[in-house]
Amino acid sequence: MRNILLTAIAAFGLVGCVGGISSEGGDPLDSPDGDGNDNGDNPAGSDLSAAKALYDTTVHSIMNAKCSGGACHSENATGATLTRFVALDAAKGWQTATNYTALVGNFAASAAPILTKVKAGGIAGHQGKTYTPDEETKITAWLNKEVELRNGQVAPPPNQPPGVETLSQATERVLSEFAGCMTKTDFDAANMAQAWGGMQAQNNQECDNCHANGGEGFVASRLSTQFWNIFSVKKYYFLQYMTVDLTQGAAAAKVVINTTSFRGVATAQDPHREHPTFNPTNNQGMNALNTFYNTTMAKKTAGTCGAPRPLQN
Ligand code: HEC
């Protein structure tokens, strides 16, 4: 039923309602790190229960109050918004939320859309929503815990001397540096637009049937300029393709290809159960992305990049 509905979206080239994400299946928290999947989003292999506890006690209620609702991000929403990250069952709230790259990015407070999309200075007034300073503090504290645990990094002492870079600041720095190295010429030479826009998922559905304009938190278009103007400018979209490796600490932070975001949807893991499936690692899109990444990194190594350019929240 759900896949039929998704197929209809592809066939008509519009995004309408699909059924809510149901919750049948095994114990959602049944995975080594407790988040219900093995998608590479916890490279340090840490026990994430301390982060989950923070989400459960301080963040889920904020999400429930601000982002849920039938027209918005509730898991049983019926509107056009298909990133449905607010679970009805609070016990599954954390698992559902953390498996949307569109929501959490790499978990750094400087890059996680859960914060950057809504907070002051983000894309102005996402649906007229704002966080109070207290809510922002709670979301930030939770994200900091996720980023530390998932990367095996110890929290900096509360009174650390100024000037010591945090994981969040390192994320912002390396993303800006990488963006300064990217060029449209390299993007086209790597064939990014044809490779991703025209890539097929099951039932001959192509990525740009649903994602040409950045719908559902991901952009893939055969129109190179359209694709580039979103991918290379907006952090939110860029982070579906790339992420930041923080496992060696802030000083050694580095942009890497994001396989987590693709693994979730490609293998229809919870909560992406309705997504058309495809091979997450071996495909034409990943080949193009590897080429683009390698060319860009080679410039960084050679020191031939442009000035760092912050990606927009
Ligand atoms: C039939 C429509 C459809 C097609 C075709 C499709 N998608 Fe999606 N995609 C969606 C919807 C709906 C969502 C939002 C719900 C979700 O995240 O599962 C989404 C979300 C995503 C996300 C965001 C996941 C996250 O964690 O935020 C990625 C990445 C993605 N798709 C990649 C792809 C790729 C790559 C292709 C082509 C191989 C593709 N999609 C083809 C409908 C589609």
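This is a predicted model: local features need pLDDT of at least 70, side-chain atom pairs count only at pLDDT 80 or more; totals for chains, interfaces and linings use all residues.
Helices here are DSSP runs of H or I covering at least four residues, numbered from the N terminus.

Let's take the whole chain to begin with. Its secondary structure comes to 14 helices and 2 strands. Of the 313 residues, 50% are buried. If you look at contacts between residues at least 6 apart in sequence, 64% of them join residues at least 24 apart.

Now for the ligand. There are 23 residues around it, and the closest are Thr-101, Cys-207, Cys-210, His-211 and His-275. Thr-101 has a backbone N or O atom sitting 2.8 Å from a ligand oxygen. Ala-102 also comes in through its backbone, with a polar atom 2.8 Å from an oxygen of the ligand. Gln-240 uses its side chain instead: an N or O atom there is 3.0 Å from a ligand oxygen. As for which elements build the shell, those giving two or more residues are α1 (2-12), α4 (101-104), α10 (207-211) and α13 (260-266). The top contributor is α10, with 3 residues.

What sort of residues make up that shell? By class, you'll find 13 nonpolar, 8 polar and 2 charged residues around the ligand. Both domains take part, too: domain 1 (49-150) and domain 2 (165-313) each supply at least three residues to the shell.

Moving on to helix α11, which spans residues 224-231, the buried residues are Ser-224, Phe-227, Trp-228, Ile-230 and Phe-231. They end up on the same side of α11 because they cover an arc of only 170 degrees around the axis. And what do the buried residues of α11 pack against? Their partners are the helices α8 (184-189), α9 (192-197), α12 (235-241) and α14 (284-302), along with strand β1 (242-245).

Have a look next at Asn-283, which sits in the loop between α13 and α14. Its relative accessible area is 10%, so Asn-283 falls under the 20% cut-off and counts as buried. The side chain of Asn-283 reaches the backbone oxygen of Asn-279 at 2.7 Å. Leaving aside residues up to four places away in sequence, Asn-283 touches Trp-196, Met-199 and Phe-278.

Last stop, helix α7 (residues 167-181), where Ser-168 lies. Is Ser-168 buried or exposed? At 17% relative accessibility, Ser-168 counts as buried. Beyond residues up to four places away in sequence, Ser-168 touches Ala-108, Ala-109 and Ser-110.

Terms used. Residues are numbered from 1 along each chain as its sequence is written. Side-chain values use heavy atoms; hydrogens and water are left out. A residue is near a molecule or strand if one of its heavy atoms lies within 4 Å of it. A polar contact is a pair of N or O atoms within 3.5 Å; within protein, one must be able to donate a hydrogen and the other to accept it, and residues adjacent in sequence count only if both atoms are side-chain atoms. Ala, Val, Leu, Ile, Met, Phe, Trp, Tyr, Cys and Pro count as nonpolar, Asp, Glu, Lys and Arg as charged, and the others, Gly among them, as polar. Domain bounds come from an automatic or database domain assignment. Buried means under 20% relative accessible area, exposed over 50%, partly exposed in between (1.4 Å probe, protein chains only). The arc is that of the directions from the helix axis to the C-beta atoms. Contact means heavy atoms within 4.5 Å.
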